[in-house]
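Colleague: I'm new to this one. Can you put it on screen and walk me through it?

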Amino acid sequence: MTASMPHAAGAAAAEDPPILQSGLHRSRTVTHGHAEPESEVATMKKTVMGIGPMLQSLNVMNEELRKRKDNLLRDKLVLEESIVTCNKEKDEDTTKLSEASESLKKLKTEHDDGKANAQKEIESLKQQILDRDKAICALVDTTKAEARKLCGLVIWYRIITHKCRKTRDCSLSSVLRVEQTLRILKTRPSLHTGFQADKLIHTTVRLPGIFSPRPRDFSLPNSSWSPKMMELYDHYNSQCDLETEDIESQKGPWIRLPSYNRILKYAKGGVYLSKIMQSKARLFTRNVYQVGASFEYVIFLNKEEKKCVCLFQAGHLLEGPPGHVHGGAIATMIDTVTGTHATFLSGLVVTANLNINYRNAIPLGSTVILESTLDHIEGRKTHINCKVTSADGSKVHTEATALFVSISVSHLMGM
Ligand SMILES: CCCCCCCCCCCCCCCC(=O)SCCNC(=O)CCNC(=O)[C@H](O)C(C)(C)COP(=O)(O)OP(=O)(O)OC[C@H]1O[C@@H](n2cnc3c(N)ncnc32)[C@H](O)[C@@H]1OP(=O)(O)O
């Protein structure tokens, strides 16, 4: 039995960790040998004391591994979160992309529609001009040699301008000549039979852009004007000064004020300041070319009564509360009418104060009347009152008071 023991002990020693080997060997020696118990205990104690630091280092290693595991788990969570965020952002970007391409498509459609509408508008304006020519010539007294001559001139120049428009080599003087001839035909009573000038007011139109020999007067009727706007326009226009062939005028109490999109460049007798102004500057209320889209208005001035009347039709781009005109747009119109009024009364002025009471909202597309009356002038200060009412005067929409202060040109340039 003892002969086989060393082999068994040797096998056990080979499987056990080295630090335990000496202890086990000793205890086996105690069992089968003759070593003293005290030294055995001492050896065991030594062995146990050797295990302590080893366990400590194993614990440290274990702790480190646990920390690494925690860190890895945390990293995994962070990565998973960022994958979720990335996917979310990707989804949002995809949505944005599809929205952008959708609105691009919409814009393109709108642009195409706008272009088609503008083309239609130009065609309709051309037709209106032709109809106007025909109507004027139809009313001309053809027994009169001069009337026949002028009619012939209109037709002749119309043909010339039509031809040159096609080749884009249009002489402005020939276009002007037609307009001038038409004016003579319209206003000189001896040239027509029972002809009423105001019957043709509806057909007073001007072609935009290259077709227009003069700057566009935005206060003339266009196809967007409602029947009510036209009715009021005719009412005031028929009481305006009438220009005759000899540039003499038949006096009427009202004057229709022309309205251009560049005040300083085109204002008659105004100070020509365009060199110091940005060439792209445009009057706020006249910077939309699409007829009927924003501010459609015309101002009439009554010098004797020192008052102004403005007929205003608000387009769909001026929406504030749903279906109604924006308060800022109303303020703009009040400022424009009272400002124009004050300019005619006191020369160069700026708005110093504007007080507005909004009483009843103005429906988009409706025609309203702004009546501007002089309150008093005191030194450099011009006080104006303004009332905005429905076309029939039954409803007060807005009331305002405005103060304008006279300034010098140098003040304007230094502003
Ligand atoms: C050629 C023909 C073309 C005709 C076709 C025209 C077509 C036209 C269409 C466009 C029409 C658009 C019309 C828009 C008109 C604007 O929207 S203008 C733009 C908005 N306004 C501004 O930017 C003005 C800025 N403010 C200023 O420049 C200066 O403050 C002012 C108003 C000129 C006053 O300054 P100032 O010259 O130093 O004068 P100051 O001594 O302070 O005041 C003078 C008097 O006014 C009184 N005052 C001044 N400010 C106030 C105030 N806020 N409240 C009460 N009182 C005041 C002062 O108390 C003083 O009174 P008094 O002591 O004499 O009794």
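Colleague: Which residues are closest to the ligand?
Modeller: Asp335, Thr351, Ala352, Arg380 and Lys381 are the closest of the 16 residues that surround the ligand; a residue is near if one of its heavy atoms lies within 4 Å. This is a predicted model, where local features need pLDDT of at least 70 and side-chain atom pairs pLDDT 80 or more, while totals for chains, interfaces and linings use all residues. Residues are numbered from 1 along each chain as its sequence is written, and side-chain values use heavy atoms, without hydrogens and water.

Colleague: What does Lys381 do there?
Modeller: A polar side-chain atom of Lys381 lies 2.8 Å from an oxygen atom of the ligand.

Colleague: And which distance goes with the backbone of Thr351?
Modeller: A polar backbone atom of Thr351 is 3.0 Å from a nitrogen atom of the ligand. For Ala352, a polar backbone atom is 2.9 Å from a ligand nitrogen.

Colleague: Change of topic: how many aromatic pairs are there?
Modeller: Seven; rings of Phe, Tyr and Trp (its six-membered ring) pair if their centres lie within 6.5 Å, with planes under 30 degrees apart stacked, over 60 edge-to-face and the rest tilted. One of them is Tyr236 with Trp254, edge-to-face at 5.0 Å centre to centre and 80° between the planes.

Colleague: Are those two buried or exposed?
Modeller: Tyr236 is buried at 12% relative accessible area, and Trp254 is buried at 6%. Buried means under 20%, exposed over 50%, and partly exposed in between, with a 1.4 Å probe and protein chains only.

Colleague: Which residues form the aromatic cluster?
Modeller: Trp225, Tyr233, Tyr236, Trp254 and Phe300.

Note on methods. Polar contact = N/O pair within 3.5 Å; in protein donor to acceptor, adjacent residues only side chain to side chain.
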